[in-house]
Amino acid sequence: MSKTILLVEDEPALQKVAGEILRQEGFIVKSAIDGEEAIRIIKTDKPDLVLLDLILPKKDGFEVLKEMKADTQTKDIPVIILTNLEGTQDIERALELGAMNYLVKANYELEDIVKRIKDVLK
Amino acid sequence: MSIIKKITNINIFAQCRSSRLSLWQCPSFLFIIMGLVNVIAMIGTYALTSTKYGDEPEIAAFIVVLVSLVLFIIGVLIVENFNKVVEANRLKSEFVSIVSHQLRSPISSINWTLDLILGKRLGEVNDKVLDYLKSAKISTKRMIALVNDILNVKHIEEGRFGDNIKSVNIREVVDKVFDDLKSFAAANNVELLLEENVNETSERYNKNSDHFFVIEADPEEIKMIIQNLVENGIKYIKNSGCVKIKLDRIESFAKITVEDNGVGVPEADRKYLFQKFFRASNVRSIQTEGTGLGLFIAKIIVEKLGGKIGFTSKEGEGSVFWVTLPIINH
């Protein structure tokens with residue numbers, strides 16, 4: 001059965017490109033464009049993996065991470081942070097909150113990201 | 001001597017001009033005026049009171065009050081203008097940060113879109129179009145590198161960079177850089193070699209001890225310096241060649257040397273090589289990827305850590321870049 005990935009990203013162009021490659025790789029892709037929508041989808045759909053941006057409208061990525069890790073129903077869903085924030089403090093904070101991986105968008109090729117997602121879902 | 005030299009090197013007008021401030025807004029100029037007012041007032045008071053007005057202390061007191069008032073006004077002006085300079089610096093920093101972070105999203109989206117097309121994931125593309133898209137990909141990568149470097153420079157200038165100080169074994173960092181760049185070197189027809197030298201002075205130390213190459217620094221910074229030097233060596237070889245990384249210990253310093261047989265640095269460009277955004281004239285045409293910030297960043301970090309950076313070069317034959325860093329517990 002195909003795995004479901006929730007793509008939390010407020011930039012439409014990035015949503016489109018990342019969504020395309022993930023669908024081509026056989027994943028079911030759900031999208032959220034802000035933190036509140038992300039939490040709603042995580043709670044109702046329980047995706048197999050969340051690709052989470054940190055700078056988001058309404059609720060930021062850290063909040064989303066905190067809320068989903070506090071809920072026993074969703075705390076085991078793996079989260080990969082995909083953002084352009086790259087301060088040491090941001091990285092440490094996200095990993096402490098339970099993110100599995102932290103990728104800086106500008107520094108990764110699309111295929112690398114797909115590879116990392118597949119590794120986590122193996 | 002050095003104090004005298006420093007004083008003679010002060011050129012207030014040039015300083016104010018380079019900060020784009022008018023003289024009456026420029027703190028260094030105002031300080032000089034304040035000093036001059038003070039000295040003239042003191043001499044004047046002395047001259048007046050020691051001659052004909054010596055019997056009238058109220059005149060001396062009046063002059064003192066007047067001078068104090070003038071000094072106070074200049075003082076207020078200085079503080080006000082200092083604050084303006086500080087505020088302008090803060091705004092510049094914020095501006096750089098916002099621009100760079102905001103730039104990254106659209107650049108990432110262009111970069112990934114090109115990945116999709118070049119990976120033929122959106123269907124076949126004819127060779128001519130593919131060729132142009134590859135150029136676009138190279139430019140995009142360059143833009144990413146530039147934004148990254150600008151952010152690094154900003155962090156370094158703010159002193160925010162390198163706040164993760166710990167013991168770093170340079171030997172491990174060199175090994176890591178060597179492994180990371182092996183395939184990049186091969187792709188550029190460059191042979192990458194690594195050697196560790198134990199010269200006469202270092203034989204006194206136990207080279208296998210854990211402290212032999214250990215320094216106190218931010219590991220990311222050290223990696224960035226070594227990576228910069230090795231990448232430069234690889235990038236600036238024209239067709240094929242060899243880059244040798246050497247690790248030495250000289251007294252209480254670790255010395256990293258990166259030797260290449262690339263294009264070398266033209267003599268006229270040598271003194272500018274560590275300047276922000278400077279790129280040597282002979283590499284701009286063969287290698288479009290550089291940002292001109294790598295060596296500038298490296299120099300700031302090395303000097304902050306109490307080390308030195310330098311190079312020797314012969315145009316057309318190659319260059320040797322070296323860095324020394326002080327070792328702890330030697």
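**Note on a predicted two-chain model**

1. In chain A, five strands make up an open sheet whose order is 2-1-3-4-5, and the pairing is parallel. Strand 2 (28–32) and strand 5 (101–104) of chain A lie at the edges; each has a single partner strand, so one side of each is left without a neighbour in the sheet. From one strand to the next, the twist averages 20°. The model under discussion is predicted.

2. Strand 4 (residues 79–83) of chain A runs parallel to strand 5 of chain A, and four bridges join the two. Within this part of the sheet, A:Leu82 is placed opposite A:Leu103, a residue of strand 5 of chain A.

3. The contact between the chains draws on 15 residues from chain A and 16 residues from chain B. On the side of chain A that touches chain B, the elements that give two or more residues are helix 1 (12–24) and helix 5 (110–121) of chain A. Helix 1 of chain A gives the most to that side, with seven residues.

4. The axes of helix 1 of chain A and helix 4 (residues 57–118) of chain B come within 9 Å and cross at roughly 30°. Helix 1 of chain A is therefore roughly parallel to helix 4 of chain B. The crossing of these two helices is left-handed.

5. Which residues of helix 1 of chain A meet helix 4 of chain B? They are A:Ala13, A:Leu14, A:Val17, A:Ala18, A:Glu20 and A:Ile21. Their counterparts in helix 4 of chain B are B:Ser105, B:Ser108, B:Ser109, B:Trp112, B:Thr113 and B:Leu116. The residues of this helix-to-helix contact comprise seven nonpolar, four polar and one charged.

6. Confidence should be considered alongside these points. For the complex, the predictor gives an ipTM of 0.87 and a pTM of 0.64. Chain B has a mean pLDDT of 82, with 88% of its residues at 70 or more. Over residues 200–204 of chain B, however, pLDDT stays under 50, and the model has six contacts beyond four places in sequence for these residues. Where pLDDT is low, the predicted coordinates should not be read in detail.

Definitions and conventions: Residues numbered from 1 in each chain as written. Chains lettered and ligands numbered in written order. Predicted model: local features only at pLDDT ≥ 70, side-chain atom pairs only at ≥ 80, totals over all residues. Contact = placed C-beta atoms within 7 Å. Pairing = 2+ DSSP bridges. Axes fitted to C-alpha atoms, helices over the stretch in contact; angles between N-to-C directions. pLDDT = per-residue confidence, 0-100. Parallel < 35°, antiparallel > 145°, perpendicular 65-115°, else oblique. Left-handed = near helix turned anticlockwise from the far one by under 90°. Nonpolar A, V, L, I, M, F, W, Y, C, P; charged D, E, K, R; others polar.
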